Amino acid sequence: MLYLAIDQHRKQLTVNIRDEKGDVVLKRQVSTQWERVRKFFDDLLDRSVPEEGFVAILEVCGFNHWLIKMLREYDCRDIVLVQPTTRSKKKTDRRDANSLGNLLWVNRSRLLAGQNVHGLRRVVIPGHEDEENRQLTALRKRMGAVRTRTVNKVHHILLKHNLHQECPTKDIKGKKARRWLAELPLDEIGRMEMDLLLAQWELWDTQLAALEKKLKQRQVADKKAAIVATMPGAGAYSSLALSSRIGSIDRFPRPSSLANYWGLTPGCRNSGDANDRLGSITKEGSPMARFILGQMVLHVLRRDASMKAWYKRIKHRRGSKIARVAVMRRLATVLWHMLKHEEPYAFGGPPKSRLGKAA
């Protein structure tokens, strides 16, 4: 077996190859131009045939997609995608590739068996459907943020000229308010900016409507998303975003595993006699999942009296911010049970059928 470590960058790949004994047999840089990178993998494939194939390790980044696809085309036996946790004070691409290669070779038995390695955060490569759903929901979040910035700029123009009081409606997002904004008398530059912002606003609305339509189509076809959608406040966008970032629920052995995976559990710095030093949440894992759960908290507290009562008890002791995070963590636990047992959200606590089985 050959062990390939890749430090990926935009213009080149820094590679480090070890044999079964752990000796480095090749270290070089490969251009990401298609003809050169394909030539490297052709040579690697020929070299790996007598060695019974090769496995690869690389760090996660925003443009891993093409490289992972190519590794699969060249029959890579396993791809280990890891999340970097610390930054070396003596960092070079060759040192990074060598460290990755050493990490892969030393822990080869556990990594190839799919077992956890202490201190290593392995990223599970999503399937094709989940990958597309992640891309679609991330696009929806970005488009929503762009529209919000455009609306805020419109608000700024009104504040600049003290014209908010003249708006015919309470909010400027309605059709009547939009017509008023289009006819509002302003100076030449202000009118030009307002017209550009209104045109952008209309464009964002059109694009978001197309995204929402696609999200609903994909959410209907996704069994996990349909279960998540039974939670208060979980529409097509929210349910698809969460389900695609969970993947297979079987890889989470306990209810608390999902909350820990999304970085909703407190960190700790225990040492010696100080064994109760809990800090803020780790914020590891998907920021999108934490964002969606944070938005859903308000809907859950409005509709679930049991959850609201629990929230109020924590709020009285620790404050509203900690209480909201606690609700987010509990929602992650509830999600685990819903997907594990394939059951809808139960208001007021776990369903009686599961309580009866536990008894």
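Trainee: Which residues gather in a patch of positive charge on the surface?
Mentor: Arg313, Arg317, Arg318 and Arg330 do. Patch members have over 30% relative accessible area and no salt bridge, with like charges joined within 9 Å. This is a predicted model, where local features need pLDDT of at least 70 and side-chain atom pairs 80 or more, while totals for chains, interfaces and linings use all residues. Numbering runs from 1 along each chain as its sequence is written, and side-chain values use heavy atoms, leaving out hydrogens and water.
Trainee: Which helix gives the largest share of the positive patch?
Mentor: Helix H12 (residues 305-318), with three residues. Arg318 sits in H12. Helices here are DSSP runs of H or I, at least four residues, and strands are E runs of at least two.
Trainee: Switching topic, what volume does the largest pocket have?
Mentor: About 2,000 Å³. A pocket is an open set of points on a 1 Å grid where a 1.4 Å probe fits, with protein on both sides within 12 Å along at least five of seven lines; lining residues have an atom within 4 Å of a point.
Trainee: Which lining residues are closest to its centre?
Mentor: Of 49, they're Arg122, Val123, Val124, Arg134 and Tyr261. H5 gives the largest share of the lining, six residues.
Trainee: And how many salt bridges are there?
Mentor: The whole structure has 15, counting a Lys or Arg side-chain nitrogen within 4 Å of an Asp or Glu carboxyl oxygen. One joins Lys39 and Asp43 at 3.3 Å, N to O.
Trainee: Why are those two about one helical turn apart?
Mentor: Because Lys39 and Asp43 are four residues apart in helix H1 (residues 34-48).

Technical notes. Patch = residues over 30% accessible without salt bridge, like charges linked within 9 Å, V, L, I, M, F, W, Y side chains within 5 Å. Areas by Shrake-Rupley, 256 points an atom, 1.4 Å probe, with all protein chains shown as cover. Lys, Arg positive; Asp, Glu negative; His and termini not counted. Charge placed at Lys NZ, Arg CZ, Asp CG, Glu CD. Points joined across faces, edges and corners; volume = space filled by probe spheres on them.
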